[in-house]
Amino acid sequence: MTTARRALVLAGGGFAASAWEIGLISGIAAAGVDLRTSDLFVGTSSGARVALHLASGTDPEDLFHQQLGPMPRTAGSHPIVDWRTIRAEWARAKDAGGGLAAILQRVGTLALGIAGTKEGDRRQEVAAQLPLQTWPTKPLLVVAVNAETGERRAFDNNCGVDLVDAVVATTAFFGWPPARIDGQPYIDGGFYSTDNADLASGFDQVVVLTLRPLVPSSCVVSLDEAVDILRAAGTQVKVIHPDEKCRATFASFGSTMNPEVRGPAAKAGRAQGRRLVEKGWLS
């Protein structure tokens with residue numbers, strides 16, 4: 001008898017996404033299902049940090065309680081950028097067409113144009129927040145985009161890239177300095193897709209934890225496209241979005257990037273996770 005192979009996909013979305021994911025996973029674990037037993041972890045942007053913790057074996061209960069405490073001193077503050085201008089430029093980059101790579105090249109140019117300059121400082125900050133400095137033994141993919149070529153790249157233990165640099169790359173959103181890898185600037189993998197779930201191709205079951213998509217979308221490839229690809233190949237896909245109570249919690253803080261959302265989002269996610277298992281939706 002063969003055991004079904006499961007991949008866990010953790011999407012980005014700022015403090016709200018990562019705190020909700022952690023709360024959800026801890027609630028699921030408390031109800032008897034340990035997602036750390038997954039055979040592959042795919043992490044994009046803030047979801048990559050959560051994926052790393054799970055792949056390295058961090059106790060979900062410990063992760064949950066970390067969300068209830070103060071922000072780590074090394075976390076820094078999000079850069080101040082002109083979001084109205086960015087959204088307009090992002091829309092123009094997509095409307096100009098020319099294929100995924102061409103669109104992402106234009107987005108990359110925009111991101112580099114407003115990027116911060118303290119690459120070394122940010123690398124130190126990111127490194128201090130990680131549970132380990134080397135790749136875990138469990139398979140982990142960390143997704144970023146080459147800002148010059150527009151190509152998506154999934155970093156793993158076999159790519160020859162330092163884990164810290166991979167995490168810096170996948171979290172380099174607008175205003176943050178890119179990660180320089182092999183002489184190339186890499187930025188947030190969420191510019192391609194908030195989840196990059198298609199990278200879990202070949203697994204029997206794929207569980208995707210992701211916020212509901214923004215309108216207009218902030219990426220070029222939707223989750224629906226990835227789900228269609230996976231299901232066409234015979235994969236069982238389960239997508240978990242924040243429920244109504246979780247969304248109301250996020251909204252009360254005004255922005256998914258507000259660090260004050262962490263504790264409430266984690267608590268709401270934990271309750272949702274328990275309900276999912278109790279209802280038999282996830283086992």
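Predicted model: local features only at pLDDT ≥ 70, side-chain atom pairs only at ≥ 80, totals over all residues.
H1 covers residues 14–30, and at 1.5 Å a residue it should span 24 Å. After H1 comes Gly-32, a residue with a positive phi near 110°.

The largest nonpolar core has 52 residues, and within it Phe-155 and Leu-209 touch the most other members. H1 gives the most to this core, with eight residues. When neighbours within four places in sequence are set aside, the contacts of Leu-209 include Leu-8, Val-9, Leu-10 and Ala-11. Trp-20, Glu-21, Leu-24, Ile-25 and Ile-240 are also in contact with Leu-209.

Strand E2 (residues 40–44) is likewise largely enclosed by the rest of the structure, since five of its five residues are buried. Leu-40, Val-42 and Thr-44 point one way from E2, while Phe-41 and Gly-43 point the other way. Strand E1 (residues 6–10) pairs with E2 in the parallel sense, over four bridges, and Leu-10 has Gly-43 in E2 as its bridge partner.

One of the residues involved is Val-145, whose bridge partner in E6 is Ile-187. E6 (residues 184–188) is mostly covered, with four of its five residues buried. Strand E5 (residues 179–181) pairs with E6 as well, in the antiparallel sense over three bridges, and the partner of Ala-179 in E6 is Tyr-186. E5 and E6 form a hairpin with two residues between them. Asp-182, in the turn of this hairpin, has a positive phi of about 55°.

Side chains of opposite charge can pair when their charged atoms come close. The structure holds eight salt bridges. One of them joins the side chains of Arg-92 and Glu-89, at 2.6 Å from N to O. Both residues lie in helix H4 (residues 83–95), three residues apart, which is about one turn of the helix. Arg-92 is partly exposed, with a relative accessible area of 48%, and Glu-89 also counts as partly exposed, at 31% relative accessibility.

A salt bridge also forms between Arg-123 and Asp-165, at 2.7 Å from N to O. This pair links distant parts of the chain, with Arg-123 in helix H6 (residues 119–129) and Asp-165 in helix H7 (residues 163–170), 42 residues apart. Arg-123 has a relative accessible area of 31% and is partly exposed, whereas Asp-165 is buried at 19%, since the limit for a buried residue is under 20%. Arg-123 and Asp-165 belong, together with Asp-162, to a network of salt bridges.

In a further salt bridge, the side chains of Arg-275 and Asp-243 meet at 2.5 Å from N to O. Distant parts of the chain are linked here too: Arg-275 is in helix H10 (residues 262–278), and Asp-243 is in the loop between strand E8 (236–240) and helix H9 (244–251), 32 residues apart. Arg-275 counts as partly exposed, at 26% relative accessibility, whereas Asp-243 is buried, with a relative accessible area of 18%.

Terms used
Residues numbered from 1 in each chain as written. Heavy atoms only, no water. Buried < 20%, exposed > 50% of the residue type's maximum accessible area, 1.4 Å probe, protein only. Pairing = 2+ DSSP bridges. Expected span 1.5 Å × (residues − 1). Core = buried A, V, L, I, M, F, W, Y, C linked by side-chain atoms within 4.5 Å. Contact = heavy atoms within 4.5 Å. Salt bridge = Lys/Arg side-chain N within 4 Å of Asp/Glu carboxyl O.
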